[in-house]
There are 2 protein chains.
Amino acid sequence: MPITTEHWTLCRIPVGIPQPADFEVEVVDLPDLSEGEIVVANRFISVDAGVRDRLSRDSYARRAEPGEVIDGFAVGEVLASLNDQFQAGDLVSSANGWRRHYVSTGRGVMRMDPAVFSPPISESAAIGVLGVSGLTAYFGLRDVAILQPGETVLVSSAAGTVGATAGQIARIMGCRVVGIAGGPVRCQYVVEQLGFDICLDRHAHENLAGAVADSCLDGIDVYFDNVGGEVLDAALLSMKQGGRIAVAGQVSEYNREEPRGARHLREVVERRLRLEGFVVWDFLSGFRDAMTEVGGWIRDGRLTYYEHVVDGFEHAPELFCSLFSSSALGRSLIRL
Amino acid sequence: MPITTEHWTLCRIPVGIPQPADFEVEVVDLPDLSEGEIVVANRFISVDAGVRDRLSRDSYARRAEPGEVIDGFAVGEVLASLNDQFQAGDLVSSANGWRRHYVSTGRGVMRMDPAVFSPPISESAAIGVLGVSGLTAYFGLRDVAILQPGETVLVSSAAGTVGATAGQIARIMGCRVVGIAGGPVRCQYVVEQLGFDICLDRHAHENLAGAVADSCLDGIDVYFDNVGGEVLDAALLSMKQGGRIAVAGQVSEYNREEPRGARHLREVVERRLRLEGFVVWDFLSGFRDAMTEVGGWIRDGRLTYYEHVVDGFEHAPELFCSLFSSSALGRSLIRL
């Protein structure tokens, strides 16, 4: 008895800020299971600003084509399995996109350890603080920036899951943490709920570089860069000699038709800086240990996370498009 | 009997391309020697495009002030010594600027090893291929970019001493080397005299990024960056996954009133690039060994260098200003 299901596809390549009309839902019948396959019903899917980049250009992942299912992470339950590695009822995480159900050989599907994903840790943390977002923060600070206790760390997009996790990990490591976020609500959340030492509202400072300099009088040892552009420029002008910039994303570039980049690259020579780009998949072999360590910090009450959950598969495109203008806090998720 | 001597100072902070009238000569009497001091008569001084940056802004070195002696490297002979480390007749190199003579405690003054500086190696190589320029190339490739045999290397300012030395060292290491230089004379020199595999004339390619891509079909492993700006952008678009960019200078920025920087920084994430700025002084403890190794390559005929020597201390400002427009090859030096 085949399952009839839905997925969201791209019907039009977005120009500038994406619109809900750039997406359309497709109704499909899943194939019957073959030997080695599983069928999964998703419970949560993620909407990720970083996906914007793939919608209109080639990036480290191949460019999305009209008709292709939109990228996203998902937490789901195995409904039936013809694969030894999975049983019906298992919770699994995947990167199979905005689908209600999917059939898979199990490749790229990760069984979630019930010892990790039990209260107070939500199932959906597998695609947030204990998924790619949180692990990007973890490996970026630890393995790319080689963060040391007592250093000064600047974190952009501090209210997003990556930035929020990065700043809290830096605090746990005994660092001074300065955040940058958009708007007073986010800044208040970053300081009061996440424990950053300070958070600069990038909308409130015409001279962001000056505000960063005033907040980091002895200079920045590590900048965790999600956004690039003007924020990266502000950071460059306050880096310490020998400072490190872990580059996890350049979100401010993704809606531009012409790239802006950064202006103050002469600082790279003058301050002997290291900028290093990375994607979390480079650290795949360390995922389980990292999830255990970050999960332990959550259980100990040293690290918190926030999820913005919207009910209804039909709302995925609206939620995605709102990422570029809204002030929602934390990880944005659709609950199915 | 005091020595009356001359030095060149800054009389006006340059705007845009420097003019000879930004400089003036001062006549001074040297003090008598105190215990521990030496007096040196310079034979060669260098004029360096990189100094431009210090003339109008703060950089890794403090900004030059009007009245200050212009930075430059020098090779000279010790005339008299009250310092155990030096004898009259010793050849020494220094970074004491555009002076005919100077008195020094010996700090920052390096005795030149006669075993290294003997034919076919010129005395003036101590402030060129075997000085800061050549060593910048050596340490940038070896210790910053961690160049491996067989890789593809892109070198900007390929006809300058730093670029010329970098490309030749990369060839000695068994790499494929693509240069970028300005004008057909320089490009011909880079390929025919220096042995680069190819050299792109940046004036002849409206689409430099396309020309670089066509010359590096399998991508660039290492870009040795002297210039920043548009050339850096062209390189970013052709880097291999995991490529390294050793940033020794951003010369294209030094005459700009507003910085340009690089536009294509999203490639840093997507291609997992590492950009690292450095100055050669970070590797001071390795200087003697490096000079011996590079000197050996010169004696073996595997590495060549070219000096553009102008006679007459009075011509230093003109020669400096011409760096930003001329097509002189190799290291620009004044012989006193």
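# Notebook: two chains, two domains, one axis

**Domains of chain A.** I began with the domain assignment of chain A, which gives domain 1 (4-128 + 305-335) and domain 2 (132-280). These bounds come from an automatic or database domain assignment. The model is predicted: local features need pLDDT of at least 70, side-chain atom pairs count only at pLDDT 80 or more, and totals for chains, interfaces and linings use all residues. Residues are numbered from 1 along each chain as its sequence is written, and chains are lettered from A and ligands numbered from 1 in the order in which they are written.

I then looked up the spacing of the domains. The C-alpha centres of domain 1 and domain 2 of chain A are 28 Å apart. The contact between them takes 15 residues from domain 1 of chain A and 16 residues from domain 2 of chain A. I note the rule: two residues are in contact if their C-beta atoms, placed from the backbone, lie within 7 Å. On the domain 1 side of chain A that touches domain 2, I find seven nonpolar, five polar and three charged residues. For these classes, Ala, Val, Leu, Ile, Met, Phe, Trp, Tyr, Cys and Pro count as nonpolar, Asp, Glu, Lys and Arg as charged, and the others, Gly among them, as polar.

**Overall build of chain A.** I find ten helices and 15 strands in chain A. Helices (H or I, at least four residues) and strands (E, at least two) are DSSP runs, numbered from the N terminus. The radius of gyration of chain A is 20 Å, close to the 20 Å of the globule rule for 336 residues, so chain A is as compact as a globular protein of that length. That radius is taken over C-alpha atoms, and the rule is 2.2 Å times the number of residues to the power 0.38. Along the principal axes, the C-alpha atoms of chain A fill a box of roughly 65 × 45 × 35 Å.

Buried residues make up 50% of the 336 residues in chain A. A residue is buried if 20 or more other C-beta atoms, placed from the backbone, lie within 10 Å of its own, exposed if 12 or fewer, and partly exposed in between. Of the contacts in chain A between residues at least 6 apart in sequence, 66% join residues at least 24 apart.

**Strand pairing in chain A.** I followed β4 (residues 74-81) of chain A. Strand β3 (residues 38-46) runs antiparallel to β4 of chain A, with seven bridges between them. Two strands pair if DSSP finds at least two bridges between them. A:Ile38 faces A:Ser81 in β4(A). Strand β5 (residues 91-94) of chain A is also antiparallel to β4(A), through four bridges. There, A:Val75 has A:Ser93 of β5(A) as its bridge partner.

Most residues other than glycine have a negative phi, and most peptide bonds are trans. I listed the exceptions below.

- The bond from A:Pro119 to A:Pro120 is cis, with omega near 10 degrees. A:Pro120 sits in the loop between β7 (110-111) and α2 (132-144) of chain A.
- Chain B has a cis bond joining B:Pro119 and B:Pro120, with omega about 10 degrees.
- A:Ser157 is not a glycine, yet has a positive phi of about 45 degrees. I place A:Ser157 in the loop between β8 (152-155) and α3 (161-172) of chain A. A:Ser157 counts as buried because it has 26 C-beta neighbours inside 10 Å.
- B:Ile146 has a positive phi of about 50 degrees and is not a glycine. B:Ile146 lies in the loop between α2 and β8 (152-155) of chain B. With 13 C-beta neighbours inside 10 Å, B:Ile146 counts as partly exposed.

**The two chains together.** How is chain B laid on chain A? A turn of 180 degrees and a shift of 0.0 Å along the axis do it, with an RMSD of 0.0 Å. The two copies are thus related as by a two-fold rotation axis. Superposition is by least squares on the C-alpha atoms of residues with pLDDT of at least 70 in both copies. Within chain B, B:Leu275 comes closest to the axis, at 2.6 Å (C-alpha). The same surface serves both copies, as 100% of the contact residues of chain B recur in chain A.

I find 29 residues of chain B in contact with 29 residues of chain A. On the chain B side, α8 (266-270) and β13 (274-277) are the elements that give two or more residues. This side of chain B has twelve nonpolar, seven polar and ten charged residues. Strand β13 (residues 274-277) of chain A runs antiparallel to β13(B), joined by three bridges. A:Leu275 stands opposite B:Leu275 in that pair.
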